[in-house]
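Me: I have a model open here and want to go through how it is put together. Can you take my questions one at a time?

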Amino acid sequence: MFGYNGWKQQANNRLSEQSKVAETAMGPVQYATGGKGGPAIILNSGIPGGFDQGMLMAFDMLDLPYTFIGWSRPGYMSTPAETGNTLEDYIELQASLMDALGIQSAAIYGASGGGPVTYGFAAKYPHRVWAVLGECAVSKNYNLYANAVSRLFADIFLSNYGSYWLTNMAKKNPEAAIRTVVSGGSKLKGRALEEELALLYKDPVMVEITRELISSMSPMNNRKQGMSQDVKICQKIHSLDLEGIHAPTLIIHGKMDHDVDFSHAENAHNRIKGSELMVIPTAGHVIPLSSGYKVYVERKHAFFEKYKP
């Protein structure tokens with residue numbers, strides 16, 4: 001238990017050291033920044049998330065001339081749940097955070113459960129968005145617990161003890177950790193899965209991404225309320241105003257995504273005029289943990305470079 005308690009304290013210290021709190025018109029919002037300076041890119045993490053998981057989305061871009069802002073939605077860590085509990089609240093809170101930080105316009109980059117606020121903001125505030133990127137992003141009604149595999153993964157790993165166990169696994173047996181994360185969000189089975197995993201095991205970058213991803217879900221106790229609110233918001237979606245998005249938009253999705261089905265990418269692509277769709281054939285829900293990582297990174301970099309103001 002000493003190991004567990006020490007890990008939990010260390011994780012909480014890390015979160016405090018790496019983040020700041022902005023006083024916005026709607027209340028306090030936790031955030032972090034990174035990059036070499038330049039046009040702003042707002043990072044909307046998945047479920048469960050927070051500012052740290054948002055910053056992980058820019059893992060491959062932090063040495064580029066952009067200003068990255070990862071933030072915690074209501075109920076995650078130091079952003080009080082009272083700052084909002086509807087999608088409309090989240091959209092307004094993101095606008096308030098940008099105001100507080102003096103950001104007039106930004107690219108909005110959302111992954112997984114960060115899709116609704118990403119697409120919603122781009123539709124409501126077109127004059128404040130220079131580009132949109134949706135990565136395995138929710139674009140319509142979504143239930144995190146709709147399938148048994150996702151529910152089992154959430155029940156086991158989305159808890160303090162589960163994330164502690166995964167953290168230790170990533171340190172002592174990184175191949176097992178990669179297998180756990182990839183297989184939990186992928187439709188690949190049997191030989192196809194083993195061939196994909198064999199390619200990932202050889203790459204030290206995959207080990208680092210796995211460890212950082214697990215870290216970005218730890219500890220879970222101060223993310224639970226935010227996760228609960230996110231799940232409810234996604235379940236209540238009737239139809240997002242995707243036709244209202246006019247900024248250059250890139251949609252990247254793993255064809256083997258078991259968590260957010262590929263139909264979410266098709267829905268967004270079909271309804272956002274002029275959008276680009278990139279399909280990673282062997283990727284599941286965590287695209288950076290796939291054999292398509294290199295082309296994925298190249299496409300992201302080229303997209304932002306092409307449209308940056």
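This is a predicted model: local features need pLDDT of at least 70, side-chain atom pairs count only at pLDDT 80 or more; totals for chains, interfaces and linings use all residues.

Me: What holds strands together in a sheet, in general?
Reply: Strands of a sheet pair through backbone hydrogen bonds, either parallel or antiparallel.

Me: Take strand 3 and strand 4. Parallel or antiparallel?
Reply: Strand 3 and strand 4 (residues 67-71) pair in the parallel sense, over 4 bridges. As an example, Leu 43 has Gly 70 of strand 4 as its bridge partner.

Me: How many residues of strand 3 are buried?
Reply: 5 of its 5 residues are buried. Ala 40, Ile 42 and Asn 44 are on one side, Ile 41 and Leu 43 are on the other, and both faces are covered.

Me: What about strand 5 and strand 6, how do they run?
Reply: Strand 5 (residues 106-111) and strand 6 (residues 129-135) run parallel and are joined by 6 bridges. Ala 106 stands opposite Val 129 in strand 6.

Me: How much of helix 4 is buried?
Reply: 9 of its 10 residues are buried, so it is mostly covered. The buried residues are Gly 115, Pro 116, Val 117, Thr 118, Tyr 119, Gly 120, Phe 121, Ala 122 and Ala 123.

Me: Where does helix 3 come in?
Reply: The axes of helix 3 and helix 4 come within 9 Å and cross at roughly 70 degrees. The two helices are therefore roughly perpendicular to each other, and their crossing is right-handed.

Me: Which residues make that contact?
Reply: Helix 3 contributes Leu 87, Glu 88, Tyr 90, Ile 91, Glu 92, Gln 94, Ala 95 and Met 98. Helix 4 contributes Pro 116, Val 117, Gly 120, Phe 121 and Lys 124. By class, the contact of helix 3 with helix 4 has 8 nonpolar, 2 polar and 3 charged residues.

Me: At what angle do helix 7 and helix 9 cross?
Reply: Roughly 65 degrees, for helix 7 (residues 174-184) and helix 9 (residues 204-215), with the axes coming within 10 Å. Helix 7 and helix 9 are therefore roughly perpendicular. Here the crossing is left-handed.

Me: And the residues there?
Reply: Pro 174, Ala 177, Ile 178 and Val 181 are the contact residues of helix 7. On helix 9 they are Met 206, Val 207, Thr 210, Arg 211, Leu 213 and Ile 214. That contact has 8 nonpolar, 1 polar and 1 charged residues.

Me: Which peptide bond is cis here?
Reply: The bond from Ile 47 to Pro 48 is cis, with omega near -10 degrees. Pro 48 sits in the loop between strand 3 and helix 2 (51-56).

Me: What about positive phi?
Reply: Met 77 has a positive phi, near 55 degrees, and lies in the loop between strand 4 and helix 3 (87-100). Ser 112 also has a positive phi, near 50 degrees, and belongs to the loop between strand 5 and helix 4.

Me: Why does Met 77 count as buried?
Reply: Because its relative accessibility is 17%, and the cut-off for buried is under 20%. Ser 112 counts as buried too, at 10%.

Me: Last one. Where is Ser 163?
Reply: In helix 6 (residues 160-172). Ser 163 is buried, with a relative accessible area of 2%. Ser 163 and Ser 218 are 55 residues apart in sequence, and their C-alpha atoms are 5.9 Å apart in space.

Methods
Residues are numbered from 1 along each chain as its sequence is written. Side-chain values use heavy atoms; hydrogens and water are left out. Axes are lines fitted to C-alpha atoms, for helices over the stretch in contact, and angles run from 0 to 180 degrees between N-to-C directions. Angles under 35 degrees count as roughly parallel, over 145 as roughly antiparallel, 65 to 115 as roughly perpendicular and the rest as oblique. A crossing is left-handed if the near helix is turned anticlockwise from the far one by less than a right angle, and right-handed if clockwise. Contact means heavy atoms within 4.5 Å. Ala, Val, Leu, Ile, Met, Phe, Trp, Tyr, Cys and Pro count as nonpolar, Asp, Glu, Lys and Arg as charged, and the others, Gly among them, as polar. Two strands pair if DSSP finds at least two bridges between them. Buried means under 20% relative accessible area, exposed over 50%, partly exposed in between (1.4 Å probe, protein chains only).
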